[in-house]
Amino acid sequence: MNRKTFLPFILSLFFIFSSNAQSESPYETSWAVDGTWIGVGLGLNGLGFKLIQDKEPLTAQELASISKEDVPGFDRWAAGNYSKRADDISYYPFYGSFAVPFIMMLTDDYRPHAGQISVLFIETMATTGAFYTITAGAVNRSRPLVYNEDLPDELRSEAGARRSFFAGHTAATAAATFFAAKVFNDFNPNSAARPYVWTAAALVPAWVGYLRLEGGKHFLSDNIVGYGIGALS
């Protein structure tokens, strides 16, 4: 979805939840509050993406001088990790997590409130995205793969290799799965399935974090912070 169609899409969702919201919904949404939140969130995402685009790659001198000893002890064991297979696999639960809230909205219990839930989901992801893009754009932390001297210098020195903190895939996955679990919990406060739903919500982003760690994209601390921010969002 491009920028020209995104705003009309957001506006249509507000009209949907305004007309479809029913008394059974545990949520209250308002044009002023939710519209402002989404607008600010999208604006901060734009600022963050600009910071990311302005990142400079590592120079040959910086790459030559980088050392695992520069990594804090609790993360040093992961310095040098790299697995393209783990990186590739991480995208399956990552993208799959985004589908969960929308699949829920196809069911009878949630369909009458689909517009309202969609707006709340966009708020959640915009919040997570704002934290991630601004942090990743402002903080220059090399990914674990940068410390692997067996890899091509082109891969180790690219600007994207300086976005280790914090783990965006883990954060976004946690935001999506915890959002879905929260919606299920609020619509079904007496359901016996709630512990299983929350367990699944917690395990999927943890799996993504593990794969990103093995893939050499992030350190453990990057994943812990990303997981926490996504879940809290």
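**Entry 1**

I began with Leu51, which I located in helix H2, residues 31-53. I note at the outset that the model is predicted. Leu51 has a relative accessible area of 31% and is therefore partly exposed. Val40, Leu44, Leu47 and Leu51 make a nonpolar surface patch of about 300 Å². I recalled the geometry of an α-helix here: with 3.6 residues a turn, residues three or four places apart point the same way.

**Entry 2: Salt bridges**

How many salt bridges does the structure hold? I recorded ten, and I examined several of them individually.

I took Lys50 and Asp54 to begin with; their side chains meet in a salt bridge with an N to O distance of 2.7 Å. Lys50 is partly exposed at 45% relative accessibility, and Asp54 is also partly exposed, at 43%.

I then turned to Asp87 and Arg212, whose side chains form a salt bridge at 2.6 Å, N to O. Asp87 belongs to helix H5 (residues 84-104) and Arg212 to helix H9 (residues 194-214), so this pair ties together parts that are 125 residues apart in sequence. Are these two partners buried or exposed? I found Asp87 buried at 12% relative accessibility, and Arg212 buried at 3%.

The salt bridge between Arg141 and Asp222 has its closest N and O atoms 2.7 Å apart. Arg141 sits in the loop between helix H6 (114-138) and helix H7 (153-157), while Asp222 is in helix H10 (residues 220-232), so the pair ties together parts that are 81 residues apart in sequence. I noted that Arg141 and Asp222 are both buried. I also asked which residues are joined with them through shared partners. Salt bridges link Asp75, Arg141 and Asp222 into one network.

**Entry 3: Helix H10**

H10 has 13 residues. From its first C-alpha to its last, H10 reaches 18 Å, close to the 18 Å expected at 1.5 Å a residue.

Which residues of H10 are buried? I listed Ser221, Asp222, Asn223, Gly226 and Gly230. The cover over these buried residues includes helix H4 (73-76), H6, helix H8 (168-187) and H9.

**Entry 4: Asn223**

I followed one of the buried residues of H10, Asn223. Its relative accessible area is 7%, which means that Asn223 counts as buried. What does the side chain of Asn223 reach? I found a polar contact of 2.7 Å between the side chains of Asn223 and Thr170. The Asn223 side chain also reaches the backbone oxygen of Gly209 at 3.3 Å. With neighbours within four places in sequence left aside, I recorded contacts of Asn223 with Ala167, Thr170, Gly209, Arg212, Leu213 and His218. Arg212, listed among these contacts, is the salt-bridge partner of Asp87.

**Entry 5: Phe102**

Phe102 is partly exposed, at 41% relative accessibility. Not counting residues up to four places away in sequence, Phe102 touches Ser118 and Phe121. I also looked up the separation of Phe102 and Ala180. These residues are 78 apart in sequence, and 9.1 Å separates their C-alpha atoms in space.

Key: Residues are numbered from 1 along each chain as its sequence is written. This is a predicted model: local features need pLDDT of at least 70, side-chain atom pairs count only at pLDDT 80 or more; totals for chains, interfaces and linings use all residues. Side-chain values use heavy atoms; hydrogens and water are left out. Patches are made of residues with over 30% relative accessible area and no salt bridge: like charges are joined within 9 Å, nonpolar side chains (Val, Leu, Ile, Met, Phe, Trp, Tyr) within 5 Å. Accessible areas come from the Shrake-Rupley method with a 1.4 Å probe; for residues, only the protein chains shown count as cover. A salt bridge is a side-chain nitrogen of Lys or Arg within 4 Å of a carboxyl oxygen of Asp or Glu. Helices (H or I, at least four residues) and strands (E, at least two) are DSSP runs, numbered from the N terminus. Buried means under 20% relative accessible area, exposed over 50%, partly exposed in between (1.4 Å probe, protein chains only). The expected span of a helix is 1.5 Å times one less than its number of residues. Contact means heavy atoms within 4.5 Å. A polar contact is a pair of N or O atoms within 3.5 Å; within protein, one must be able to donate a hydrogen and the other to accept it, and residues adjacent in sequence count only if both atoms are side-chain atoms.
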